[in-house]
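Please consult the sequence and the structure shown below while reading.

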Amino acid sequence: MNTIVGTYECKVDAKGRVLLPSPLKKQLAASLQNGFVLKRSVFQPCLELYPMEEWDLMMQKINKLNRFVKKNNDFIRRFTAGVKVVEIDALGRLLVPKDLVVFAGIAKDVVFSSAVNIVEIWDKDLYEKSIDGQDIDFADLAEDVMGNLNDDDNGIS
C-alpha cells in the first residue's frame, strides 16, 4: 500500500476535466499505467479515486462476501454504483464523468485530499464545510478512534 499525502486545490474546466497537481501526479506515477477507479464516497458528498491496485485489493475483500445474503448483495450494488474506470491523460488531466460531478456537487473549484491510500475529490465549498464540521469535536473523535491503539514498534501510543 502506498500512502498518498497532501491536499491540493484545482479548477475544473467546462468539460469536467481537472489538471492533477504536480506533487500528486508524482505520488501517483506508479499507478498511471494501470489507471484508476473513480466512485461515489459511502459517507460523504465527494468522490474517491482509487489507484487500480488499491481497487483490486478492495474487490478481493468484497468478493469474500456471501452473495446469497441479501444485505451483502445490497451493499455490493450500492458500493459499486456509479463506479468508473478512469485514466489521467497525456496532459495530466482527469476527466470526471458528469454523473459523478453531479453526485459530488462539483462546481468550479475542487480539492484533492489524500485519504491514506486513495484520494478524495471534493467541491471546494463542501470540503471546507466538512473540515469545519461544527457538529464534530475532532479531539474527541481522535481519542475515540486512535486512543485505544498502542503500537510500541513505531512510537505511536
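In this predicted model, residues 24 or more positions apart account for 56% of the contacts in the chain with a separation of 6 or more. The chain has 157 residues, of which 35% count as buried. Its C-alpha atoms fill a box of roughly 45 × 40 × 35 Å, taken along the principal axes.

**Secondary structure**

- The chain contains six helices and eight strands.
- Read from the N terminus, these elements follow the order β-β-α-β-β-α-α-β-β-α-β-β-α-α.

**Packing of H2 and H3**

- Two packed helices are described by the angle between their axes and the distance between the axes.
- Helix H2 spans residues 52-62 and helix H3 spans residues 70-79; their axes come within 12 Å and cross at roughly 165°.
- Because an angle over 145 degrees counts as roughly antiparallel, H2 and H3 are roughly antiparallel to each other.
- The crossing of these two helices, H2 and H3, is left-handed.
- On the H2 side, the contact is made by Trp55, Met58, Met59 and Ile62, and on the H3 side by Phe75, Ile76 and Phe79.
- The residues of this contact of H2 with H3 comprise seven nonpolar, no polar and no charged.

**The buried side of H2**

- Met52, Glu54, Trp55 and Ile62 are the buried residues of H2.
- These residues cover an arc of only 155° around the axis, and they therefore lie on the same side of H2.
- The cover over the buried residues of H2 includes strand S5 (84-86) as well as S3, S4 and H3.

- In H3, the buried residues are Asn72, Ile76 and Phe79.
- Viewed down the axis of H3, these buried residues fall within an arc of 75°, so they line one face of the helix.
- They pack against strand S3 (36-40), strand S4 (47-51) and H2.
- The face of H3 turned away from the buried side carries exposed residues, namely Lys70, Lys71, Arg77 and Arg78.

**Phe75**

- When neighbours within four places in sequence are left aside, Phe75 is in contact with Ile62 and Leu65.
- Phe75 and Glu128 are 53 residues apart in sequence, and their C-alpha atoms are 29 Å apart in space.

**Val116**

- Val116 lies in the loop between strand S7 (109-115) and strand S8 (118-123).
- The phi angle of Val116 is near 65°, which is a positive value in a residue other than glycine.
- Val116 has 48% relative accessibility and so counts as partly exposed, given that exposed residues have over 50%.

Key: Residues are numbered from 1 along each chain as its sequence is written. This is a predicted model: local features need pLDDT of at least 70, side-chain atom pairs count only at pLDDT 80 or more; totals for chains, interfaces and linings use all residues. Side-chain values use heavy atoms; hydrogens and water are left out. Axes are lines fitted to C-alpha atoms, for helices over the stretch in contact, and angles run from 0 to 180 degrees between N-to-C directions. Helices (H or I, at least four residues) and strands (E, at least two) are DSSP runs, numbered from the N terminus. Angles under 35 degrees count as roughly parallel, over 145 as roughly antiparallel, 65 to 115 as roughly perpendicular and the rest as oblique. A crossing is left-handed if the near helix is turned anticlockwise from the far one by less than a right angle, and right-handed if clockwise. Contact means heavy atoms within 4.5 Å. Ala, Val, Leu, Ile, Met, Phe, Trp, Tyr, Cys and Pro count as nonpolar, Asp, Glu, Lys and Arg as charged, and the others, Gly among them, as polar. Buried means under 20% relative accessible area, exposed over 50%, partly exposed in between (1.4 Å probe, protein chains only). The arc is that of the directions from the helix axis to the C-beta atoms.
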